[in-house]
Amino acid sequence: MELKHTPSTVNRKLSTIKSYFKFLIRQGLTKKNPTQGITGPRNSKKIPIFVKEAEMDTLLDDTNFGDGFEAIRNKTIIQLFYTTGIRRAEILELKDQDIDFSTSTIKVTGKRNKQRLIPFGEETRELLQQYLEERDVRVGVGDDEHVFVKEDGDKLYPMLLYRIVKNKLSETTTLSKKSPHVLRHTFATTLLNHGTELNAVKELLGHSSLAATEVYTHTTFKELKKAYNTAHPRAGNSKKGG
């Protein structure tokens, strides 16, 4: 810690040394374990990186995605990530029958094959319908196939999906990380910033415990504090005198 190593690095090295001495004891090469009773530093929770709402508005409303099949597909992908919080693996496995336009919901199969329903709005509905029409004309995909495909009809692969998101986010944000998971963070942060209950966000994200969702409260409080300091006339230093 004095050498300024991060808690995760210190804990990894400490774990290695503990395992080494346990091995020595099992082999009968030593009777003492000098690491016994030593606890490592607490790992700090990473604050999720997210895209600001204004930047997402610019991306979806003002950015030129181009024309043709790939253009409408890429915009629909960005829109779906941002408005549903879907995971990269989930969107890759999404099939036509998982989309219910009558109820404006998608059925998602998440981790450990756990399924959940996620609602989507009118804007996303229109974009999805436009894309599916374009896809069926261009590629001729049937009802039992994957929603998002390449021009040859094969489903998208993870790295291609990552590149699509990274390239489009690069046009509107300077964030160091630009990935599908950042859009998932953005979805959760946006909902909480607009007053959505934490438990509802947990269900939409498909988290197994509330603790996994609570990490977003750090981000939202930071945004609330920033808004307060900007807007309130007495948010700064107190005026002296009276």
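Tutor: Let's take the overall fold, then the sheet, then the side-chain contacts.

Student: What kind of model is it, and what are the ground rules?

Tutor: It is a predicted model: local features need pLDDT of at least 70, side-chain atom pairs count only at pLDDT 80 or more, and totals for chains, interfaces and linings use all residues. Residues are numbered from 1 along each chain as its sequence is written, and side-chain values use heavy atoms, with hydrogens and water left out.

Student: How many helices and strands in the protein?

Tutor: Nine helices and three strands. Both are DSSP runs numbered from the N terminus: helices are H or I with at least four residues, strands are E with at least two. The order from the N terminus is α-α-α-α-β-β-β-α-α-α-α-α.

Student: What is its radius of gyration?

Tutor: The protein has 24 Å, whereas a compact globule of 242 residues would be near 18 Å. The radius is taken over C-alpha atoms, and the globule rule is 2.2 Å times the number of residues to the power 0.38. Along the principal axes, the C-alpha trace spans about 75 × 75 × 30 Å.

Student: And what share of the residues is buried?

Tutor: 38% of the 242 residues. Buried means under 20% relative accessible area, exposed over 50%, and partly exposed in between, with a 1.4 Å probe and protein chains only.

Student: How many bridges between β2 and β3?

Tutor: Five, with β2 covering residues 105-109.

Student: Salt bridges next. How many?

Tutor: The structure holds 10. The criterion is a side-chain nitrogen of Lys or Arg within 4 Å of a carboxyl oxygen of Asp or Glu. One of them joins Lys-155 and Glu-93, at 2.4 Å from N to O.

Student: Why does the Lys-155 and Glu-93 pair tie parts together?

Tutor: Lys-155 lies in the loop between α5 (122-138) and α6 (158-169), and Glu-93 in the loop between α4 (88-92) and β1 (99-100), so the pair ties together parts 62 residues apart in sequence. Lys-155 is partly exposed at 33% relative accessibility. Glu-93 is partly exposed too, at 41%.

Student: Where does Arg-135 come in?

Tutor: Its side chain meets that of Asp-96 in a salt bridge, 2.6 Å from N to O. Arg-135 is in helix α5 and Asp-96 in the loop between α4 and β1, 39 residues apart.

Student: Are Arg-135 and Asp-96 buried or exposed?

Tutor: Both are buried. Compare Lys-150 and Asp-152, whose closest N and O atoms are 3.8 Å apart. There, Lys-150 is partly exposed at 23%, and Asp-152 is exposed at 51%.

Student: Which residues form a salt-bridge network?

Tutor: Arg-87, Glu-90 and Arg-116 are linked that way.

Student: Switching to rings. How many aromatic pairs?

Tutor: Four. Among them, Tyr-20 and Phe-21 are edge-to-face, 5.7 Å centre to centre with 70° between the planes. Rings of Phe, Tyr and Trp (its six-membered ring) pair if their centres lie within 6.5 Å; planes under 30 degrees apart are stacked, over 60 edge-to-face, the rest tilted. Tyr-20 is partly exposed at 48%, while Phe-21 is buried at 19%.

Student: Which residues make up an aromatic cluster?

Tutor: Phe-69, Tyr-131 and Phe-148 form one.

Student: Last one. What does Arg-88 touch?

Tutor: Leaving out residues up to four places away in sequence, Arg-88 touches Phe-81, Pro-158, Leu-161, Tyr-162 and Pro-180. Arg-88 is in helix α4 and is partly exposed, at 34%. Arg-88 and Pro-180 are 92 residues apart in sequence but 6.1 Å apart in space, C-alpha to C-alpha.

Key
Two strands pair if DSSP finds at least two bridges between them. Contact means heavy atoms within 4.5 Å.
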